Amino acid sequence: MPDAVLYGTPAPGLVDAPPGALQVSPLVPGAGDLAELPDASVEEAMVLAPPGTLERDYVLAQALRVLKPGGRLLAFGPKDKGGSRLKKALEAFGCQVAEDARKHHRFCQAVKPAQPTGLADAIAAGAPRIVPSLGLWSQPGVFSWDRIDPGSAHLLAALPPLAGKGADLGCGVGILAARVLASPAVMALVCTDIDRRAVACAEHNLDDPRVTVRQADVRRLDGPTGLDFVVMNPPFHDGGQEDRDLGVAFVRTAARLLKKGGSCWLVANRHLPYEAALAEAFAKVDVKSETGGYKIVEARK
Ligand SMILES: C[S@@+](CC[C@H](N)C(=O)[O-])C[C@H]1O[C@@H](n2cnc3c(N)ncnc32)[C@H](O)[C@@H]1O
């Protein structure tokens, strides 16, 4: 059992992570899972708190659950992304909190109270569940967890039935993949996402022998290659910051995985400049539609 856990990837110099701390962020491939650690098993927890309320309270409650009585919690976050609400959130669990501020972050230190309050409720509210409006498994914290993203909806409206072997890069809970699999001509589909929670939900949602779901960073994906098609709604945020290079890396990976003549179907916000990367990696680029602030592209290798 680890003595200490670290949730998230703080910027260098922000905090001193306890030596040997087990990383437990769902966004780090290979990390541990807080939900699987036993109650009262850890001395120290350090949490870079996620901004969403349900997700944040779930993580803080899990961290308090796994701490031994008297164990130390440091929770912190950018003050404009939920950091200034952390103290209140911890007080609601019965913690006495010492708060300080530096480098645009709030830092909240607490000791696990003898009798924390509300942990089970927060854990239930942030747990995976079937979202009735989607008819799919999802969890607070995964991308667009309780509704179809408008960009994905535009891509779904434009996507023709596909055939052969393909990949869904950044699959989330599997909204695009579920549509792709409706075509009986699809023989195999590899779905990849960096978020362990999304991958776990996608595994429930895409219960189909043609599907493989895996947690991986698309920037470092080396296979499968020779594919007939790729579908994707590439991310353009990393660690809460806009990161256009991330979408460009998705474009390059898609081209690498496709066979010559294979198609990449993607949706992007109109302001995102993927044209140069698409032109460089693909033989033919067709903008199929540009409506509602989104562009739908079919790029052929
Ligand atoms: C815009 S969302 C699309 C999700 C899903 N395809 C949909 O349409 O609802 C982008 C997805 O990419 C994932 N992602 C972000 N960075 C990634 C990376 N480096 N490697 C793999 N997946 C990543 C996110 O977790 C998120 O689920």
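I began with the ligand. α5 and β10 each supply at least two residues of the shell around it. Helices (H or I, at least four residues) and strands (E, at least two) are DSSP runs, numbered from the N terminus.

I noted the ground rules next. This is a predicted model, where local features need pLDDT of at least 70, side-chain atom pairs count only at pLDDT 80 or more, and totals for chains, interfaces and linings use all residues. Residues are numbered from 1 along each chain as its sequence is written.

I went back to the shell. Of the 20 residues around the ligand, Ser152, Gly170, Gly172, Val218 and Pro235 come nearest. A residue is near if its C-beta atom, placed from the backbone, lies within 6 Å of the molecule. I sorted the shell by class: nine nonpolar, six polar and five charged residues. Ala, Val, Leu, Ile, Met, Phe, Trp, Tyr, Cys and Pro count as nonpolar, Asp, Glu, Lys and Arg as charged, and the others, Gly among them, as polar.

I then looked up helix α6, residues 196-205. Seven of its 10 residues are buried, meaning 20 or more other C-beta atoms lie within 10 Å of their own, with C-beta atoms placed from the backbone. Among them are Arg197, Cys201 and Asn205. The buried residues pack against β8 (136-138), α5 (175-180), β10 (186-193) and β11 (211-215).

Last, I checked the domains. An automatic or database assignment gives domain 1 (4-125) and domain 2 (129-300). Their centres, taken over C-alpha atoms, are 31 Å apart. The contact (C-beta atoms, placed from the backbone, within 7 Å) takes 11 residues from domain 1 and 11 residues from domain 2.

Terms used: Contact = placed C-beta atoms within 7 Å. Buried ≥ 20, exposed ≤ 12 C-beta atoms within 10 Å, placed from the backbone.
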